[in-house]
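Visitor: I would like a close look at one part of this model, namely its pairs of oppositely charged side chains.

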Amino acid sequence: MTMPHHALEVVLPRPLSSAELREAVRVLPLATNHDTTRLMTLVRAKTPGRAAHRLRQRLAARLPVDVITTHYPDATGQVLLNLAFPPAAHATIRQAAHEAGQSPELFVKLALHRALVQHASDEADRLDRAVRQLLVGTTPAHLLAAVGHVLTRTPGAAPA
């Protein structure tokens with residue numbers, strides 16, 4: 001049985017210096033974005049979680065790694081997040097998870113899910129208010145036509 005490769009993305013808190021990037025590339029092949037705040041690589045491992053763990057072990061001493069994610073969603077549409085919390089934050093999470101009767105991983109997963117649901121709800125409410133405000137000065141048909149016009153314009157084209 002062959003071991004699969006997992007595409008992982010590394011998010012950094014700041015751009016890398018040339019020396020940091022050269023040092024990291026000696027450990028494993030990396031592709032960078034334009035400002036070296038995001039890296040991509042392939043890591044061989046049985047699971048995405050093991051791949052992220054292996055990548056963090058290889059890079060943590062060399063680079064200021066914030067977050068490691070799987071680049072592609074799994075079969076259920078989920079993306080793995082690998083976070084390394086500072087010791088104080090980790091202790092707080094562990095305590096809160098214990099009080100909630102959950103593992104720290106489940107506690108963070110559920111908290112993140114709740115935050116994303118709340119963000120989506122807030123964004124829907126904000127857009128609803130903005131559309132209602134736009135409808136004060138126009139008709140639904142004119143607003144719909146204007147939205148269609150904006151959405152079908154070629155990106156980067158000069159406004160008509």
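Visitor: Which residues are linked in a network of salt bridges?

Guide: The network of salt bridges links E23, R26 and R62. This is a predicted model, in which local features need pLDDT of at least 70 and side-chain atom pairs count only at pLDDT 80 or more, while totals for chains, interfaces and linings use all residues. Residues are numbered from 1 along each chain as its sequence is written, and side-chain values use heavy atoms, leaving out hydrogens and water.

E23 belongs to helix α1, residues 18-27 (a DSSP run of H or I, at least four residues), whereas R62 sits in the loop between α2 and β4, so their pairing ties together parts that are 39 residues apart in sequence. E23 is partly exposed, at 34% relative accessibility (buried is under 20%, exposed over 50%, partly exposed in between, with a 1.4 Å probe and protein chains only), and R62 is likewise partly exposed, at 35%.

R126 is partly exposed, with a relative accessible area of 40%, as is E123, with 30%. D128 forms a salt bridge with R132, with 3.1 Å between the closest N and O atoms, and this pair in α4 is four residues apart, again about one turn of the helix. Here D128 is partly exposed, at 36% relative accessibility, while R132, with a relative accessible area of 55%, is exposed.

Methods
Helices (H or I, at least four residues) and strands (E, at least two) are DSSP runs, numbered from the N terminus. A salt bridge is a side-chain nitrogen of Lys or Arg within 4 Å of a carboxyl oxygen of Asp or Glu.
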